[in-house]
Amino acid sequence: MLRANGTPEHVIRHCATVSDIAVKIGGALAKTGVSLDMGLILSASMLHDICRTEKDHALAGARLIRGMGHGRVADLVEGHMRHSFPERVEDLREIDILCLGDRMVSEDSYVGFDRRMEDLLARFGDDRGAMAAISKNAKGTRALIRLMEERLGCGIEDVLGLPPPSIESFLLRVEKPGRYAGGELNAAKKDPRSVSLRFCLAFPDVYEIGMSWLGMQVLYHLLNGMPEVFCERVFAPAADMDRLMRENRLPLMTLETQTPVKALDILGFTLQYELSFSNIINMLGMAGIPLLSRDRGDGAPFVIAGGPCAFSPEPLADAIDVFIIGDGEEALPELCRLFLDWKAGGGGRGDFLRAAAGIKGAYVPAFYRPEYDENGVFQGLRRIDGCAPERVRKRIVEDLCSAFTPSAPLVPLIETVHDRTAVEIFRGCTRGCRFCQAGMVYRPVRERTQAAIQKSAEEQIANTGYDELSLLSLSTGDYSGIEILVTRLMEYGRRENVALSIPSLRLDSVTLRMLEGIQGYRKSGLTFAPEAGSQRLRRAINKTISDDEIFAAIGDAAGLGWSHIKLYFMVGLPTETDEDLDAIIAVAEKSMRIARAARGKGRKPFSLTVSVSNFVPKAHTPFQWEAQDSPGALLAKNARLKEGLSRIKGIKFQYHDTRGSHLEALIARGDRRMLAVIMRAAELGCRFDSWQEHFRYDLWAQAFEENGLSMTAGGLDTRAALPWDHIDSGLLKSFLLSERERAMAATITPDCREGCIGCGLDCRSANHERRTAGGAWRHDGDMDEISGQV
Amino acid sequence: MRYLAKFEKKGMMIYVSHLDIQRLFQRAVKRAKLDLKYSGGYSPHPRLSFAQPLSLGHYSIAEYLEFETNGGHLHPGEIEGLFNRLLPAGVRIVDAWQLQEGGKSVSSLVAAAKYRIEIPFFFSYMEATMDFFGRESIDCDKLNRKTGRTESVNIRPLILSLKPLMVNDNRIVLISSLHCGSASNLNPEQMLKSFYRCSGHAYDRGAVRIERTSLLGWSDDELVPLEHVANRI
C-alpha cells in the first residue's frame with residue numbers, strides 16, 4: 001500500500017521500524033492486562049507516515065486511508081503527531097502506543113525517547129514556545145515510560161530485544177575515555193560462542209591501577225591459554241562513568257566484548273586492599289548480580305576472589321562463592337576445569353561449590369557457619385559440610401620457574417601507573433618484619449633462575465615494545481646473585497634502549513654503585529624504608545638496619561649524585577613512644593646534614609621527603625592482636641612529626657589520612673558481620689575509599705552505627721578465636737605469639753636464610769644460603785602504588 | 001634515513017590521547033626492530049615526531065608521523081605493511097615517503113587543517129553559518145599557553161572557510177579550514193563552541209563528530225596536503 005502510494009523507501013523503512021517497536025511494546029503491555037487492539041496498532045503504525053512528503057502529512061494520510069474505508073486506522077494516523085500521553089498505564093490506547101513508538105525512532109533506527117527529544121529540541125531551538133511545550137510533554141512521557149517499565153518489570157530496551165546503549169556513546173563525556181575502550185595490544189580475541197567458560201577478571205579500582213598489577217597479566221594470559229576458556233576484564237568505572245551508566249541503566253560490561261558481566265560464567269575479583277571492598281559491592285550491584293552468595297540462582301555467575309586480602313576473607317564471605325587462598329597459578333585453572341566438567345554434567349549450583357571445596361587452597365564460605373556468644377563475641381567458625389576441609393591450607397606454587405609467566409603482556413593504550421613491563425624474580429620474603437602481611441603469607445621464598453628471568457624479560461620487551469623493565473619482588477636486594485642479574489639486564493637494556501627499574505632494593509654501597517650504573521645522569525630518586533625512627537623500635541618490628549647504616553648509605557647516595565631521597569616510616573607501631581617519634585625527626589635531620597656535606601657546594605640542593613603511613617594490624621602477622629591507635633591519636637602523632645620536621649629546611653613531609661587507615665584496620669580484622677556495613681556504605685555512596693577525594697568517613701560511620709558494630713580497632717585476646725583462624729597460612733600461631741613476645745622485648749629474629757626460625761612452613765632452604773644483611777632499601781617506584789593515599 | 005608516514009585514527013582509537021599515540025608508535029617501532037635514531041644528550045629520545053597533535057575524541061584520515069633511522073635502507077613501500085601488522089585496530093598507515101636528509105621538520109610546515117564536522121540538524125542552519133562566517137570579528141576566550149592566562153582573542157581571521165551541507169533530516173556537515181600549526185592555531189571545537197554561542201544553541205560535545213580530513217602547508221601561495229610540501233625524495 002505504501003509503495004502503491006509512492007511513499008519514499010526511507011519513509012517505508014521508518015514506518016516498519018516504528019511498527020516493530022509499537023507492536024512489541026503494545027504486545028508486552030497487553031500481556032499485563034492493558035486492553036489493546038494489536039491489529040490496529042500494526043496497521044496504523046505501518047501506515048502512519050504514508051503521506052510524509054505532503055504538507056500536513058498526518059491529515060493527508062488519514063484522508064487517504066479513510067477513503068479506503070479504514071476509519072479506525074485513519075483516526076490513529078490523523079492523531080499521530082501528538083506529544084502528550086495519559087498519566088496511567090491502564091489508560092493507554094492504541095494511538096498512544098503508536099505515538100510512543102514514533103517518539104523513540106529516528107529515521108529507521110531506534111534511538112530511545114531521550115535522544116529523539118534532544119533532536120527535536122535542537123530542531124525547534126529557535127522557537128521558545130515550542131521548546132517549552134516539548135519539554136513539558138517530555139517530562140510527562142518520561143514518567144509514563146518509567147511506569148510502563150515498572151509494570152513490565154524490565155526496561156523498554158529489554159522488551160524490544162535490543163542491545164542496551166553502548167558505552168561508546170558516553171566516551172566523549174567522561175575523563176580518560178581510553179579506560180573503557182579496550183582493544184589493547186596482546187588482548188585476547190576469541191569467539192565467545194567457541195568456548196564453554198566465559199571468565200571475567202575484575203579489578204575493583206580504575207583501569208590505570210588495575211593494569212599496573214602484574215597478577216592481572218599472569219591470570220589473564222594463563223586462562224586465555226586454555227582453549228575452552230575466554231577470559232575478559234572489567235575495572236571499576238570511575239565516578240563520572242559510574243553516574244552515566246546508572247542514569248542510562250547500563251550494566252557493568254567487559255572490556256573485550258562489551259558483554260554484560262552478569263552473562264558470564266565466573267567473575268573473579270582480586271582483593272589487593274581492604275579499601276577497595278566497597279567497589280566490589282558496587283560493581284556487583286552495577287552488574288545486576290545478587291550481592292549475597294545465597295541469593296544467586298542458577299543463571300548467575302559464580303563470584304570468586306583471591307589475592308592478599310583473601311587471607312582474612314570473612315568481611316566478604318557472604319558475597320563470595322569461592323575464595324582462592326594463596327598462589328592462583330595452579331588453583332585457578334583447576335577450578336576452571338572443574339567448572340567445565342560440572343557444566344558438562346549438568347549439576348546444580350551447590351554441586352559445583354561442593355566440588356570446588358575439594359580444591360587445595362579453595363575456601364567456600366557457604367560450608368562454614370560463624371558462631372557468636374550471647375554478647376555477640378565471635379567464637380569461631382564451624383564447618384557444616386564434610387565436603388570442605390576443617391582449615392583451608394593456602395596454595396603454594398612450588399617451582400616459580402615452571403609456573404606460568406606471560407610472554408606477551410597486554411599493553412594499555414593509555415598511560416597507566418606503571419607504564420612498563422615487569423618480571424617477578426622471586427616470591428616470598430625471609431626478613432620477617434612483624435607488621436608485614438605480605439612477608440608472612442607469601443612464604444616460602446621461591447626464586448626464578450637468572451636464565452628464566454632473562455628469557456621472560458627479553459620475550460616481553462620483544463612482544464610489547466616497552467622501553468622500561470621492572471624487576472618485582474618483596475625485597476629485590478635479597479635475590480641470590482642480584483648483582484650479576486642486574487649487570488646482565490643492564491647490558492641488554494643498553495643494547496635495546498630499555499631502562500631498568502628496580503624497586504625494593506637494599507641500598508648498601510654495592511647496590512648503590514649498581515644503581516649508579518643504571519641511572520647514570522638520570523638519577524630519579526631513592527626511597528629508603530627504615531620504617532621506625534629509633535633503633536629500639538626497629539628491633540621491635542624486626543627491621544635490622546642500624547642508624548649508622550642508614551647514615552652511611554645516605555652519605556654514599558648523596559656523594560654519588562642523588563639529589564633527592566625519600567625516607568619511609570610508620571607511626572602507631574606497637575610499643576611506640578614519643579621518643580620513637582622524635583627519633584624520626586632526628587634521623588631526618590642528621591640525614592639532611594650528612595647528605596649536604598657529602599654533596600658539597602655548587603650542586604643542586606639536596607632535598608628529603610619524609611613519608612609516613614599509619615600502622616594497620618593485619619591478620620597472620622605477629623601484630624594481628626595489637627590495637628590500632630585511634631584516628632585522633634594517629635593524627636596527633638603526625639602533627640608532632642609535621643611540627644618537628646617543618647623546622648628543618650629542605651624537608652617535605654607526607655602523611656596518610658588516619659581515618660582511611662582506621663577503616664582499613666576495621667575491615668582487615670572483621671568477621672562476617674562486616675559485610676552488612678560494607679553493603680550499607682556502598683548503598684550510601686561509598687566507593688574508591690582509598691582515594692582521598694572520594695573517601696566518606698562520615699558515611700562509613702553511619703553504616704557501622706546502623707549495623708550496631710563498634711568502630712574501635714582495639715587489642716585482641718591472644719586466646720580468643722580469630723575470624724581468620726580457619727585460613728591456614730602455614731605459619732604456626734605459636735610462632736606468631738613468640739614473635740610478638742620478642743617484639744615487646746625489642747629482640748631481633750634473624751633473617752631465616754641464616755637458619756630456620758621455625759615459622760611452621762616446611763621450606764627447602766637449599767637455594768637460600770646466601771647470607772644477607774642490612775635494611776631494606778627501596779628504589780623509587782614501589783611507593784607509587786600506595787601514593788593515591790598520600 | 002628520514003621518513004614521513006600518513007595515518008588514520010578511527011574507531012575506539014579516537015579516545016587515545018596524542019601523548020599515548022606517541023607512546024604507541026614508539027613501542028610499535030621497537031617491535032618492528034627498526035633501528036631508530038636517538039637524540040644525543042643525557043636523556044636520549046627516539047627521533048620520532050608528529051606533524052600536529054589531534055585532540056582527544058577527534059577522528060582523522062590525515063595524521064603524519066616523521067621518523068629517522070640509522071642507515072639501512074627501508075623502502076617507503078614497506079612501511080605500511082611493517083607498521084600495520086603491529087598497530088591496533090583504528091590506527092593505520094595509509095601512505096609513506098622517504099624524505100631528504102636534514103631540512104625542516106614536517107611539523108613546522110603545517111599551516112592549516114581541514115575538518116569535517118557533523119552536528120545535529122537545526123532549522124536556519126544556513127543563515128546561522130552565513131551570519132557566523134560573515135562577521136568581522138568573533139571574540140572568544142582562549143588560553144594563552146605561554147602566559148597560562150585566558151585572553152579574549154578574535155578567532156575570525158583563523159577561520160579560512162566554512163561551508164554547511166545538509167546530510168539528512170538529522171545531521172548537518174560543516175566543512176571548514178582553520179589555521180593550524182605552531183604559528184597560529186584554532187581548535188575546531190573552539191570554533192564550534194563560538195558558532196553555537198552565536199547561533200543561540202546549546203553545544204553538546206557528545207552529539208558532534210569531528211574529523212580532520214587534511215593537514216595543509218603552503219606551496220607558493222596555495223595550501224596543499226602536507227606530503228606535497230615536505231622534501232620528498
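Mentor: Contact here means heavy atoms within 4.5 Å, and by that rule 31 residues of chain B and 38 residues of chain A take part. The model is predicted, with local features needing pLDDT of at least 70 and side-chain atom pairs counting only at pLDDT 80 or more, while totals for chains, interfaces and linings use all residues. Residues are numbered from 1 along each chain as its sequence is written, chains are lettered from A in the order in which they are written, and side-chain values use heavy atoms, with hydrogens and water left out.

Buried area is the accessible area (1.4 Å probe) that two parts lose on being put together, summed over both; chain B and chain A bury about 2900 Å² between them, and 56% of it lies on carbon and sulfur atoms. A salt bridge is taken as a side-chain nitrogen of Lys or Arg within 4 Å of a carboxyl oxygen of Asp or Glu, and the rule finds two across this interface. In a salt bridge, the side chains of Glu415(A) and Arg23(B) meet at 3.2 Å, N to O. On the chain B side, helix α1 (residues 18-31) supplies the largest share of the residues that touch chain A, namely seven, where helices (H or I, at least four residues) and strands (E, at least two) are DSSP runs numbered from the N terminus.

Turning to the sheets of chain A, two strands are said to pair if DSSP finds at least two bridges between them. One open sheet has three strands in the order β12-β15-β16 (chain A), with parallel pairing. Its edges are β12 (421-424) and β16 (499-501) of chain A, each with a single partner strand, so one side of each has no neighbour in the sheet. β12(A) pairs with strand β15 (residues 468-472) of chain A in the parallel sense over four bridges, and Glu424(A) stands opposite Leu472(A) in β15(A).

The other open sheet to consider has six strands, ordered β4-β3-β5-β6-β7-β8 (chain A), and its pairing is mixed. Here β4 (229-235) and β8 (362-363) of chain A are at the edges with a single partner strand each, so one side of each is left without a neighbour in the sheet. Strand β3 (residues 197-203) of chain A runs parallel to β4(A), joined by seven bridges, and the bridge partner of Arg198(A) in β4(A) is Phe230(A).
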